[in-house]
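Me: I have a protein model open and would like to go through it slowly with you. Could you help me read it?
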Amino acid sequence: MRKSQIIVGMIACLIASMSWGAMFPVADHALEYINPFYFSIIRYGAVSIVLVILLWMKEGKKAFRLEGKGKLLVFFGTMAFTVYNVLVFLGQMLMGKSGVMVASIMEALMPMISIAILWGYKHVKPKKYMISSMIIAFIGAIFVITKGDMSFFLTLKHNLVSLAFILIGVVGWVIYTMGGQTFNDWSTLRYSTLTCVFGTAVTGIITMIITAQGYVSVPSTETIFAIKYDLLFMMTLPGIVALLSWNYGVKILSSINGILFINFVPITTLVIMMLQGYKITIFDIAGTLLVISALIWNNICQRREENNSPQVIQEEEELRQAV
């Protein structure tokens, strides 16, 4: 793989992660007016329409053929656009203001969750440098969030249900990210579009059922108007841009390496909250440096591993012989 491709993949994952980091403070305002179910439907309903148009224009009618992968598309789409998007915001809403940072820091668990899934389900033992990079990045994220005060975690015991929702949602996104590797022969736009359409459809069905039973209510026009800018932001940057950038970056770097960039989610969230009045501490600086260092270390080790692989060595030997 070319160095330029890796850099592009890293930038794509970084854009996606920072976009998602910005979405939690924005969602905090929107969730004061609308429930997470309709919030997700409206947001990704619009995103689905845009993606369908883009896919039709770029790849044509043939791109909508399922090729026998319909069940997988529904499953991965449900994991991302129902399980993740509904449950994470539901947990955040139930926790109130503190849910902004809690939902964001839970994103930093994704690398460790991906290791556990790969190890337990596919019996793929992670490299030592991957584990060390993830641990360092997670510690850095903890520094940023807690400011060195570990009593932060004691307050979480009062919100176990909310935490469970967020954690399940996070696992859903990890599964979706890993699922993209199954569609390596598909374009990023195609995988993103079809999973978004199917996942949003599942959310819509569930929402209609719980609305009929009286658990949630349909938002009024006044409600939609009150959060119009929130929705516009959520549809564009954390929606279309982040979704396509993430799937493209992961396709280049692999899920296990790309998901390391998710540690920039809580850091971005914190930076935005600082702009809203939070003060920067030494723990913020130290934590950010740890996350960046972990990503650089992981990339260096990955490059060394690729350069020392039998295929690369053989190609170099053939090149020397040709010269």
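This is a predicted model: local features need pLDDT of at least 70, side-chain atom pairs count only at pLDDT 80 or more; totals for chains, interfaces and linings use all residues.

Me: What about contacts, how much comes from residues 24 or more positions apart?
Reply: If you take the contacts with a separation of 6 or more, residues 24 or more positions apart account for 88% of them.

Me: Got it. Switching to rings, how many aromatic pairs are there?
Reply: The count comes to 14 aromatic pairs. One of them joins Phe76 and Phe183, and it is edge-to-face because the planes stand at 85 degrees, with the ring centres 6.5 Å apart. This pair links distant parts of the chain, since Phe76 is in helix H3 (residues 70-95) and Phe183 is in the loop between helix H7 (160-179) and helix H8 (188-212), 107 residues apart.

Me: Are those two buried or exposed?
Reply: Phe76 counts as buried because its relative accessibility is 9%, and Phe183 counts as buried as well, at 2%. Phe183 also forms an aromatic pair with Tyr191, and this one is tilted, with 5.1 Å centre to centre and 35 degrees between the planes. Tyr191, at 3% relative accessibility, is buried too.

Me: Which residues do the ring pairs link into a cluster?
Reply: The cluster consists of Trp20, Tyr44, Phe75, Phe76, Phe81, Tyr84, Trp173, Tyr176, Phe183, Trp186, Tyr191 and Trp246.

Me: Ok, and what sits over the ring of Trp186?
Reply: The charged end of Arg190 does, at 3.7 Å from the ring centre. Elsewhere, Lys228 lies over the face of Phe225, and the distance to the ring centre is 3.7 Å there.

Me: Now cysteines, how many disulfides are there?
Reply: The count comes to zero disulfides. For background, a disulfide is a covalent bond between the sulfur atoms of two cysteines. As for individual cysteines, Cys13 counts as buried because its relative accessibility is 0%, and Cys301 is buried at 9%.

Me: Back to helices, how many residues of H4 are buried?
Reply: Helix H4, residues 99-106, is mostly covered, with eight of its eight residues buried. They are Gly99, Val100, Met101, Val102, Ala103, Ser104, Ile105 and Met106.

Me: I also clicked on Gln92, where is that one?
Reply: Gln92 is in helix H3, and it counts as buried because its relative accessibility is 1%, below the 20% cut-off.

Me: So what is Gln92 in contact with?
Reply: Leaving aside neighbours within four places in sequence, Gln92 is in contact with Phe24, Ala27, Asp28, Leu31, Gly99, Val100, Ala103 and Ile166. Gly99, Val100 and Ala103 are among the buried residues of H4. Gln92 and Val102, which are 10 residues apart in sequence, have a C-alpha to C-alpha distance of 7.6 Å.

Me: Last one, why does Thr223 count as buried?
Reply: Thr223, which is in helix H9 (residues 221-226), is buried because its relative accessible area is 16%, and the cut-off for buried is under 20%. Apart from neighbours within four places in sequence, Thr223 is in contact with Tyr33 and Ile34.

Methods: Residues are numbered from 1 along each chain as its sequence is written. Side-chain values use heavy atoms; hydrogens and water are left out. A disulfide is a pair of cysteine sulfur atoms within 2.5 Å. Buried means under 20% relative accessible area, exposed over 50%, partly exposed in between (1.4 Å probe, protein chains only). Rings of Phe, Tyr and Trp (its six-membered ring) pair if their centres lie within 6.5 Å; planes under 30 degrees apart count as stacked, over 60 as edge-to-face and the rest as tilted. Helices (H or I, at least four residues) and strands (E, at least two) are DSSP runs, numbered from the N terminus. A charge sits over a ring if NZ of Lys or CZ of Arg is within 6 Å of the ring centre and within 35 degrees of the ring normal. Contact means heavy atoms within 4.5 Å.
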